[in-house]
Amino acid sequence: MENNRTLETVVKEGKAAILFPSANEVFYNPVQEFNRDLTCAVITEFARELLVQRGVKLVVPGEEDRVVVSLGEEEVEEEKKEEEEEEEEEKNGADEPALTATVGEKCEGLRVLEGLAASGLRSVRFALEVPGLQSITANDFSAKAAALIARNAMYNGVSHLIQASCKDASMLMYEMRGKKQRYDVIDLDPYGSPATFLDAAVQAVSDGGLLCVTCTDMAVMAGNSGETCYSKYGSVSIKSKYCHEMALRIILHSLDQRAGVYQRYIQPLLSISADFYIRVFVRVFTGQATVKNSASKQALVYNCTGCGSFYLQRMGRRTRNIQQSALLHAGYKVSLSHACKNAIKTDAPPATMWDIMRCWEKIHPVKREKLSNTSPSFRILSKEPSLEACFTVREDANPQSRRRHLTRFQENPQAFWGPKARAKAGGGISDNLQDKRKKFQNKRKNQITESSELKKFPCKKFRKGTCTYGDQCSYSHDSVPTNEDKME
């Protein structure tokens, strides 16, 4: 039996080359490539910010091509000035060259945990693409996965950075929750819900550390099962057009609640909804006073650092620029939303946004006679605005990302680009699941189509005396309706 070893293929992604068993005994999903790309970029920027305080400068390949996108031109200019001043201070004030951290080099930097590593692809990419790392613990409960992680680390020449681990992810994090043992970065990308790992994760990440969480149970989080969502995340999901944004708020709320138990709180950095999953990046801090002030803090958490969505329906690009300019003139931040092309995100309170809409309506009045006196539109417009909005278009209302025509998400490389089946220990899972999906689509167990078979079942309407089909009814009329049936 040892001679019949499972064939392996080499999967290349980013700078990594992964040995992957063809039998699919270890889970791998190519759809998550964008997720891994984004995570490498976020951890790199996090390492840059954290290690600069220790006097360590990151050397990132392709640094000259890095694009900094901000909410306004003024902030970009200020950042450039600050960077130039820092460079001058380093050149003039330092007698010795600053310490540098390069990709693939082990240094006194970040300690990273990938709790559910599977093949180890994500950890290998961290080692090959993210500078400033001290160690990477790639953990998986499967012994076959742990063995494959070690092989892939050796295959890519990063065994000095990656430590393969075969433990229950929650137990591993509970063991490392001491202040001196915590991880600087914890990455959780489970198959399905991360709910069972969140309690351990908020304890095992260091003070100010980075927690990266993926949720692929979007059917639950987007409203298909509100009860299940409540049992896992403590919130009831609603099936609506804004279900993806609500899913982001649900996971942030769940993280905040679990962190609060241990006198910790979260600071959301980046939250996205892409394809069939959502991904959040938060920093975890310790502070009893901040946790106690939960009433004001939760508004910040739910709105993703104060950016609530303000939907502008049936408005073109120029109109959106005008509305964005009005918010900028009023002293608030504003940007586009990735969830809806006709939406913007702002930290302005609802009262300010409605005042701006009232000012806009005064310039472009609606037909008040068509509005009902009890309608929300009539009540909103009947109130006088408390501020004078300025609609002069500002240059920074058109963000850099739109001016540069930057792609927000990668294009789907193939049809049916979605979640894959869970890996099994014995393997043997088909690469293409579409045949199975088509086979069972719109199928019911013991589905009855013959009218002769339907005649075996009594007609419920006939029992109640409300059936109007008579002899043409597909169901049986043998039973005579009683007075009790009629009363029902």
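1. Val-185 and its surroundings. Val-185 touches Ile-43, Phe-46, Leu-110, Arg-111, Val-112, Leu-113, Leu-210 and Cys-212, leaving aside residues up to four places away in sequence; here contact means heavy atoms within 4.5 Å. The model is a predicted one, in which local features need pLDDT of at least 70 and side-chain atom pairs count only at pLDDT 80 or more, while totals for chains, interfaces and linings use all residues. Residues are numbered from 1 along each chain as its sequence is written, and side-chain values use heavy atoms, with hydrogens and water left out.

2. The nonpolar cores. A nonpolar core is a set of buried Ala, Val, Leu, Ile, Met, Phe, Trp, Tyr and Cys residues joined through side-chain atoms within 4.5 Å. Buried means under 20% relative accessible area, exposed means over 50%, and partly exposed lies in between (1.4 Å probe, protein chains only). The largest core has 45 residues, and Leu-110, Phe-126, Ile-162, Val-185 and Leu-210 touch the most other members. Helix H1 (residues 33-51) gives the most to this core, namely nine residues. Helices (H or I, at least four residues) and strands (E, at least two) are DSSP runs, numbered from the N terminus.

3. Seven strands form an open sheet with mixed pairing, in the order S7-S6-S5-S8-S9-S11-S10. Two strands pair if DSSP finds at least two bridges between them. Strand S7 (162-165) and strand S10 (264-274) stand at the edges with a single partner strand each, so one side of each is left without a neighbour in the sheet. On average, neighbouring strands of this sheet are turned by 20° against each other, direction ignored. For such angles, axes are lines fitted to C-alpha atoms, for helices over the stretch in contact, and the values run from 0 to 180 degrees between N-to-C directions.

4. Strands of a sheet pair through backbone hydrogen bonds, either parallel or antiparallel. Which sense applies to strand S8 (residues 183-188) and strand S9 (residues 205-215)? The two pair in the parallel sense, over five bridges. Leu-188 has Val-213 as its bridge partner in S9. Helix H1 lies across strand S5 (106-114), S8, S9, S10 and strand S11 (277-286), and runs at about 20° to S11.

5. In one of them, Arg-125 is joined to Asp-37, with the closest N and O atoms 2.6 Å apart. Arg-125 lies in helix H3 (residues 121-129) and Asp-37 in helix H1, 88 residues apart, and the pair links distant parts of the chain. Arg-125 counts as buried at 3% relative accessibility, whereas Asp-37 is partly exposed at 30%. Both residues belong to a network of salt bridges that links Glu-13, Arg-36, Asp-37, Arg-125 and Glu-129.

6. Two further salt bridges. Arg-48 forms a salt bridge with Glu-45, the closest N and O atoms being 3.1 Å apart. Both residues lie in helix H1, three residues apart, which is about one turn of the helix. Glu-384 and Lys-362 also form a salt bridge, with 3.3 Å between the closest N and O atoms. Glu-384 is in the loop between helix H14 (376-382) and helix H15 (400-403), and Lys-362 is in helix H13 (residues 350-363), so this pair ties together parts that are 22 residues apart in sequence. Glu-384 is exposed, at 54% relative accessibility.

7. Asn-139. Is Asn-139 buried or exposed? Asn-139, found in strand S6 (residues 133-139), is buried, with a relative accessible area of 0%. Its side chain makes a polar contact of 2.8 Å with that of Ser-165. A polar contact is a pair of N or O atoms within 3.5 Å; within protein, one must be able to donate a hydrogen and the other to accept it, and residues adjacent in sequence count only if both atoms are side-chain atoms.

8. Positive phi values. Most residues other than glycine have a negative phi. Ala-118 has a positive phi of about 55° although it is not a glycine; Ala-118 lies in the loop between S5 and H3 and is buried, at 14% relative accessible area. Gln-263 has a positive phi near 60°. Gln-263 is in the loop between helix H9 (243-260) and S10 and is partly exposed, at 31%.

Terms used. A salt bridge is a side-chain nitrogen of Lys or Arg within 4 Å of a carboxyl oxygen of Asp or Glu.
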